[in-house]
Amino acid sequence: MVPEDEFTVAMICSLIFFASTMWLMFRNWRLKRKLRKLRLAQFAPAAPLPPAPPQVLPAQPDPQIAELKERIKVLERITVDREGSLAREIELLRDRA
């Protein structure tokens, strides 16, 4: 091969390399731009929420709930206390029922 042909091949290879690099950079830039738009759209404020209705508290506590809370307290004491008092507490619960 003559030196002019080698120079021509080298120039063509470098141009192909430059063009493919630029194409990859442009593609990367375009994908990043699209991703940024998607992220911004994801966190865009939606329509305002309607105001929450006021919460109405019950006038009188439910006696069933009070009884269940008492039973939970007893069960917590049973699980935390020593094993000697466990039998006593179970007997007290049986007597109540």
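## Getting oriented

Helices here are DSSP runs of H or I with at least four residues, numbered from the N terminus. With that in mind, welcome to this predicted model. The protein has three helices and zero strands, so reading from the N terminus the elements go α-α-α.

Helix 1 covers residues 3-42, helix 2 covers residues 63-80, and helix 3 covers residues 83-96.

## How confident is the prediction?

Across the protein the mean pLDDT is 82, and 86% of the residues reach 70 or more. Confidence is highest in helix 1, with a mean of 91, and lowest in helix 3, with a mean of 74.

## Surface and burial

Of the 97 residues in the protein, 5% are buried. The accessible surface comes to about 9800 Å², and carbon and sulfur atoms account for 66% of that surface.

Part of this surface is a nonpolar patch formed by F18, M22 and M25. Together these residues have about 330 Å² of accessible area. You can find F18 in helix 1. Is F18 buried or exposed? Its relative accessibility is 53%, so F18 counts as exposed, because the cut-off for that label is over 50%.

How many aromatic pairs does the protein have? The count comes to one. The partners are F26 and W29, whose ring centres are 5.8 Å apart.

Another place to look is L75, which lies in helix 2. At 46% relative accessibility, L75 counts as partly exposed.

How far apart are L75 and L93 in sequence and in space? They are separated by 18 residues in sequence, and the distance from C-alpha to C-alpha is 9.6 Å.

Technical notes: Residues numbered from 1 in each chain as written. Predicted model: local features only at pLDDT ≥ 70, side-chain atom pairs only at ≥ 80, totals over all residues. Heavy atoms only, no water. Patch = residues over 30% accessible without salt bridge, like charges linked within 9 Å, V, L, I, M, F, W, Y side chains within 5 Å. Areas by Shrake-Rupley, 256 points an atom, 1.4 Å probe, with all protein chains shown as cover. Salt bridge = Lys/Arg side-chain N within 4 Å of Asp/Glu carboxyl O. Helix = DSSP H or I, 4+ residues; strand = E, 2+ residues; numbered from the N terminus. Buried < 20%, exposed > 50% of the residue type's maximum accessible area, 1.4 Å probe, protein only. pLDDT = per-residue confidence, 0-100. Phe/Tyr/Trp six-rings, centres within 6.5 Å; stacked < 30°, edge-to-face > 60°.
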